[in-house]
Amino acid sequence: MMFRVDRDVLAEAVAWTARSLPARPSVPVLAGMRLEVTEDQQLKLSGFDYEVSAEVTLDLQTGEPGLVLVSGRLLAEITRALPAQPVDLVVDGAKAVVTCGSARFTLLTMPVEDYPSLPAMPPAAGRVGSDVFASAVGQVAVAAGRDDTLPMLTGVRMEIDGDTVTLAATDRYRLAVRELKWQPDQPEFSAIAMIPGKTLADTAKSLTTGAEVEIALSSAGGTGEGMIGFSSGGRRTTTRLLDPEFPKYRSLLPTEFSAHADLATGPFVEAVKRVALVAERNTPVRLAFRGGEVVLEAGSGDEAQAVEALPAELHGDEINIAFNHQFLLEGLGAIDSDVARLSFTTSTKPAILTGGKPEGDDSAPDYRYLIMPIRLSG
Amino acid sequence: MSRKQQVPRVATTGSADDTGCPILHVDMDAFYASVELLDRPELAGTPVIIGAAGARGVVLSATYEARRYGVHSAMPMTRAMRLCPQATIIPPSHGKYSVVSRGVMEIFQTVTPQVEPIASDEAFLDVGGARRRLGSPARVAAMIRAQVAERFGITCSVGVASSKFVAKLASRQCKPDGLLVVPADGVVEFLHPLPVGALWGVGDRTEEALLRLGIKTVGDLARVPVATLRRELGHAAGGHLSALAWGRDEREVTPHVPDKSIGAEETFAADVDDPETIRRELLRLSEKVAARLRAGGHIGRTVSVKLRRADFTTITRSRTLREATDVTQEIYVTACELYAAADLARVRLRLVGVRMENLLRAEASVRQLTLGERESGWREAERAMDRAVARFGPGAVRPASLVRPKFDGIDL
């Protein structure tokens, strides 16, 4: 086997594939990256860790069909460091030789016959714009739990109902919900999938090279050992689904509020960051909304304190409410709007953060970030 | 009430130079025993031991007449009774002691706000600021002794020195009913003849280690290079002891040291190996600890469990929670997990204890609410229990598993 390919093209493809390689492989061959030159002059690079598979296909200028398995991490480091010239890879017995300009690397190959076969891509279900998808996933994944002892909270739930996709994630302290449109292959398609949050966020971000992302789902609407696949611009990745158990979040999203406040997002973020300097981890930033302003406070009498006032357009009852500043900042970062709207009921009931909208626009926002307050005693 | 009484007596004196000696250590003499003698004056001058007479009771206090027979605090009662069979045994009545203790602390407060109570019967005072109002430290010390004797009819001993630890040694030296000033320039002279065991932080183990090195007195210790001590005793302990041996003690009198932990433990009447019984005891102790947390306005983040096997080997296990709590259920669940993780099921236990550490003031505490959380849960239920108990007395409401049949005594 041999192939020749541009250094940049190869480096990018190898780097993308290497992302899904396990850092501590359960079996040594899983540290390998599989390189295959097909009869029709294509190069396929793939990686797999039993959970996530990744495969990228490139068109070749020259190539002889064949198959080889080499250390993925090493290949990624090498290709990243090569000069900007065509790269040749030739398999010679048990060795793979990489040549680029005057640089030459000899890599040991790994037993390709021991390598597990990659899961087949499930049947395609529809398509979505890659930028929209990446931003929607980013908005939701921020609220996914990072605690592996509660696996059901580390996922992003994807509900597909016709041409609407709803993404939701929660770590019990906040809940992010995003609705977006897509083009299902069948107009009546519906499905539910729990996708590992971190994998989904990485995948969506890395698939913006193509214009559209194709979503493929096995056992559509079913439960258990499901699989979801995403492909775009020659890259495809599959990931095993989580148990679809998830809190019944729709009933937890309040729909009626006693007040809402609109603030300029940028200055609000800056102010929260400033007062949060004196708030230790897991301690709150307190917000007091009064007429035309909000007063932010952090810290207590025994330690450093900070206070700052900002203009805020309050509609409805005055309110004092406190939040974990990290949760608040992550929500403000996710709304993707110059105006942030916080809607409240009481200081111990969930608040909803959305992008602000002009008066009179009553359409439901497509992104909602629910945040549970911190209850202050006394 | 130290059990180390081997320190040689020094003449009681209040006339030494007390310049630069603002620290007082006031220690009641045989506190519980002295208080009991107020009600039993006929026992004055006879050996009296305060402690529960059960098989597993320990000596809480003893008169000096009893101490002459080798009786000391924390000694098992059975042993004390063997050493001094003629002693009168009085079971403790803690309410009485705390009334006197509060009164004594009030006297201290009239002298200076710089009072650091370290037990119900002893405290440090920094009287440096009272000089113009009340006079020199030695005069203040004499005044305190007179007031305590006058108001409560019990005696106390006061050490006056330039640092807390020397003051404490001084009060021990002049016990009972004494006053000793260690002049600021006489600290080394005072310290060096003392046995190393007299130093704060030198327990039996350390003392043994030091004796092995041929170090018998504080003076011996002072002459050992600090590097050697650090190697033998550990970095912190070695450095600390070396500083103490030269009379260096930078600790200040800090009034109102907040509770560092709240705990409860129970020695079983007979050793227990039944996990069910042990868990029930953990529940009872968790309840006790949680109620004390709530009563004191505390919440704690770290739950620790103490398990003592029948052979006295003891293990403690602790876990820090994500959020501080004062809820029995949360403490109990964690305590049970710690017990399970200790892998002592079917091991005979003599004692179990539950302790909350990492305490915070409840009013300064905050709680991150969770999605879909019920408005009222265990916390509210337990607060309601507190109110019922306040009104109807202890045991008015308790977990069903802790309700005992009425005639527990005839349980076969």
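The structure is a predicted model, and the predictor assigns the complex an ipTM of 0.80 and a pTM of 0.64. Chain A contains six helices and 28 strands, while chain B contains 15 helices and 13 strands.

**Confidence in chain B**

- Chain B has a mean pLDDT of 84, with 92% of its residues at 70 or more.
- A further stretch with pLDDT under 50 covers residues 406-412 of chain B, and for this stretch the model has zero contacts beyond four places in sequence.
- Where pLDDT is low, predicted coordinates should not be read in detail.

**The two chains in outline**

- Chain A has 378 residues, and buried residues make up 42% of them.
- Among the contacts in chain A with a separation of 6 or more, 68% are between residues 24 or more positions apart.
- Chain B has 412 residues, of which 36% count as buried.
- In chain B, residues 24 or more positions apart account for 65% of the contacts with a separation of 6 or more.

**Nonpolar cores**

- The largest nonpolar core comprises 73 residues, and the residues with the most contacts inside it are A:Val137, A:Val140, A:Val156 and A:Val285.
- Helix 3 of chain A (residues 130-141) gives the most to this core, contributing five residues.
- Domain 2 (124-250) and domain 3 (254-371) of chain A each supply at least three residues to this core.
- Apart from this core lies another, of 72 residues, which includes B:Ala87, B:Ala130, B:Leu194 and B:Leu229.
- Beyond its neighbours within four places in sequence, A:Val137 is in contact with A:Val156, A:Leu167, A:Leu200, A:Ala201 and A:Ala204.
- In soluble globular proteins, nonpolar side chains tend to be buried together.

**The open sheet of chain A**

- Nine strands of chain A form an open sheet with antiparallel pairing, in the order 6-2-3-4-18-17-16-10-14.
- Its edge strands are strand 6 (66-71) and strand 14 (183-184) of chain A, each of which pairs on one side only.
- Strand 3 (residues 42-48) and strand 4 (residues 52-59) of chain A run antiparallel and are joined by seven bridges; A:Ser46 stands opposite A:Glu55 of strand 4.
- Strand 4 of chain A also pairs with strand 18 of chain A, in the antiparallel sense and over five bridges; here A:Glu55 stands opposite A:Arg236 of strand 18.
- Strand 18 of chain A (residues 235-240) is largely enclosed by the rest of the structure, because five of its six residues are buried.
- Strand 17 (residues 227-232) of chain A is joined to strand 18 of chain A by six bridges, the two running antiparallel, and A:Ser232 stands opposite A:Arg235 of strand 18.
- The hairpin of strands 17 and 18 of chain A has two residues between the strands, and A:Gly233 in this hairpin takes a positive phi near 50°.

**A buried loop residue in chain A**

- A:Ala276 is placed in the loop between helix 5 (265-275) and strand 20 (284-290) of chain A.
- A:Ala276 counts as buried because it has 21 C-beta neighbours inside 10 Å, the cut-off being 20 or more.
- Not counting residues up to four places away in sequence, A:Ala276 touches A:Val285, A:Ala298 and A:His325.
- A:Ala276 and A:Gln326 are 50 residues apart along the chain, yet their C-alpha atoms are separated by 8.7 Å.

**The annotated site in chain B**

- An unreviewed UniProt entry places the feature "active site" at B:Glu122.
- B:Glu122 is found in strand 6 of chain B (residues 122-126).
- B:Glu122 is buried, since 21 other C-beta atoms lie within 10 Å.
- Leaving out residues up to four places away in sequence, B:Glu122 touches B:His25, B:Val26, B:Asp27 and B:Met28.

**Helix 1 of chain B**

- Seven of the nine residues of helix 1 (residues 31-39) of chain B are buried, so this helix is largely enclosed by the rest of the structure.
- The buried residues of helix 1 of chain B are B:Phe31, B:Tyr32, B:Ala33, B:Ser34, B:Val35, B:Glu36 and B:Leu37.
- Their cover includes strand 1 (23-28), strand 2 (48-50), strand 3 (61-62), strand 4 (88-90) and helix 4 (94-111) of chain B.

Definitions and conventions: Residues numbered from 1 in each chain as written. Chains lettered and ligands numbered in written order. Predicted model: local features only at pLDDT ≥ 70, side-chain atom pairs only at ≥ 80, totals over all residues. UniProt positions renumbered as here; feature names shortened; annotations may be inferred. Helix = DSSP H or I, 4+ residues; strand = E, 2+ residues; numbered from the N terminus. Buried ≥ 20, exposed ≤ 12 C-beta atoms within 10 Å, placed from the backbone. Contact = placed C-beta atoms within 7 Å. pLDDT = per-residue confidence, 0-100. Core = buried A, V, L, I, M, F, W, Y, C linked by C-beta atoms within 7 Å. Domains from an automatic or database assignment. Pairing = 2+ DSSP bridges.
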